[in-house]
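Please read them alongside the coordinates.

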Amino acid sequence: MLVLIIILLQCQFSRCLLSTAVKLRPIDAKTWINDNVRVLEPSVKRERNPFGILVPLLGKGCDVTVDWDDPHKGAAELATKCFERNAADGEVVAVLVEALGQFRNLTVEEGITATSFKARIVATRGSIGIKCPRWHYDHVPVRHIQALVGPGCDYVVSENGVDRSVLNQADECETERINRHVVDTTVADVRRGREGEAVVLRGMTGCDRPAVHKSPELPWWQGRILMTLDIM
Ligand SMILES: [Fe+2]
């Protein structure tokens, strides 16, 4: 019963959280919206989130990593490991195949030579899902971040209100305070990935001004299943 109440609360409050925490704006599909952020919306609009069947993972947590070079094989292995059974839900696998394929194609577009990739799916509930609470950039050429369930990552799409001089400094400053210093949210254009939406961020080795981003703040009841794709 308690689990049911938590899931209902999550459904009720997640939209509320998304609509109030940050400025949300509609974004065109498949476009770089600046030098370092690209948003990939699913090619098929679905009535329901097919990854809803993964929600039971939230109770016990899950952290699955798969090395892949073929999107179909990679997606199948990911799904099998997540569901702990073979022949996982076809719709879920189809979405994963699309995501892995898009990422592989994107690396070609970017002129990146890559023969192998890594996919990771992590299921969490509450603050455990806040892996990177501080504004930062990644030390990779590009990274695909997609919330299969729950909110995506927060990212900024212009330099307004951003102070890069203190980014990625590993000092003892309190996260909240240094976050206010790095990104002035009263003027910065901060956006948050929507459930199901993939955001591709250029990192430090992929451009001059790597994408500034962080994990969203999450209440204790918020379930989140996050997939990240990287180049090996
Ligand atoms: Fe990151």
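1. The face of helix H4 that points away from its buried side carries four exposed residues: Gly 90, Asn 105, Val 108 and Glu 109. Buried in H4 are Val 92, Val 95, Leu 96, Ala 99, Leu 100, Gln 102 and Phe 103. Viewed down the axis of H4, these buried residues fall within an arc of 155 degrees, so they line one face of the helix.

2. The coordinates are a predicted model, not an experimental one. The average pLDDT of the protein chain is 82, and 81% of the residues score at least 70. Residues 11–29 should be read with that in mind: pLDDT stays under 50 there, and the model has 24 contacts beyond four places in sequence for this stretch.

3. The protein chain contains 5 helices and 10 strands. Of its 232 residues, 36% count as buried. Among contacts between residues at least 6 apart in sequence, 83% join residues at least 24 apart.

4. The length of H4 can be checked. The helix covers residues 90–109, and at 1.5 Å a residue its 20 residues should span 28 Å; the end C-alpha atoms are 28 Å apart, which agrees. After H4 comes Gly 111, with a positive phi near 75 degrees.

5. Which residues touch the most other members of the largest nonpolar core? They are Leu 54, Val 199 and Ile 225, in a core of 49 residues. H4 gives the most to this core, with 6 residues. Nonpolar side chains tend to be buried together in soluble globular proteins.

6. Ile 225 deserves a separate look. Setting aside residues up to four places away in sequence, Ile 225 touches Phe 51, Leu 54, Leu 57, Ile 121, Ala 123, Leu 148, Val 149 and Gly 150.

7. Leu 57, one of those contacts of Ile 225, lies in helix H2, residues 56–60. Leu 57 is buried, with 23 other C-beta atoms within 10 Å, where 20 or more is the cut-off for a buried residue. Beyond four places in sequence, Leu 57 touches Cys 62, Cys 82, Ala 123 and Ile 225.

8. Strand S5 (residues 142–149) is mostly covered, with 8 of its 8 residues buried. S5 pairs with strand S8 (residues 198–202) in the antiparallel sense over 5 bridges, and Arg 143 has Leu 201 in S8 as its bridge partner. S5 also pairs with strand S10 (residues 223–231), again antiparallel and over 5 bridges. In that pairing His 144 stands opposite Leu 229 in S10.

9. Strand S10 has another antiparallel pairing, with S4, over 9 bridges. Here the bridge partner of Phe 117 is Ile 231 in S10. Strand S4 (residues 117–125) is in turn joined by 7 bridges to strand S3 (residues 62–68), and the two run antiparallel. Thr 65 has Arg 120 in S4 as its bridge partner.

10. Leaving aside neighbours within four places in sequence, Met 227 is in contact with Ala 99, Ala 119, Arg 120, Ile 121, Gln 146 and Leu 148. Among these, Ala 99 is one of the buried residues of H4. Met 227 and Ala 123 are 104 residues apart in sequence and 8.9 Å apart in space, C-alpha to C-alpha.

11. Three strands form an open sheet in the order S7-S6-S9, with antiparallel pairing. Strand S7 (190–192) and strand S9 (213–214) stand at the edges with a single partner strand each, so one side of each is left without a neighbour in the sheet. Strand S6 (residues 154–156) pairs with S9 over 2 bridges in the antiparallel sense, and Tyr 155 stands opposite His 213 in S9.

Notes: Residues are numbered from 1 along each chain as its sequence is written. This is a predicted model: local features need pLDDT of at least 70, side-chain atom pairs count only at pLDDT 80 or more; totals for chains, interfaces and linings use all residues. The expected span of a helix is 1.5 Å times one less than its number of residues. A residue is buried if 20 or more other C-beta atoms lie within 10 Å of its own, exposed if 12 or fewer, and partly exposed in between; C-beta atoms are placed from the backbone. The arc is that of the directions from the helix axis to the C-beta atoms. A nonpolar core is a set of buried Ala, Val, Leu, Ile, Met, Phe, Trp, Tyr and Cys residues joined through C-beta atoms within 7 Å. Two residues are in contact if their C-beta atoms, placed from the backbone, lie within 7 Å. Two strands pair if DSSP finds at least two bridges between them. pLDDT is the predictor's confidence in each residue, from 0 to 100.
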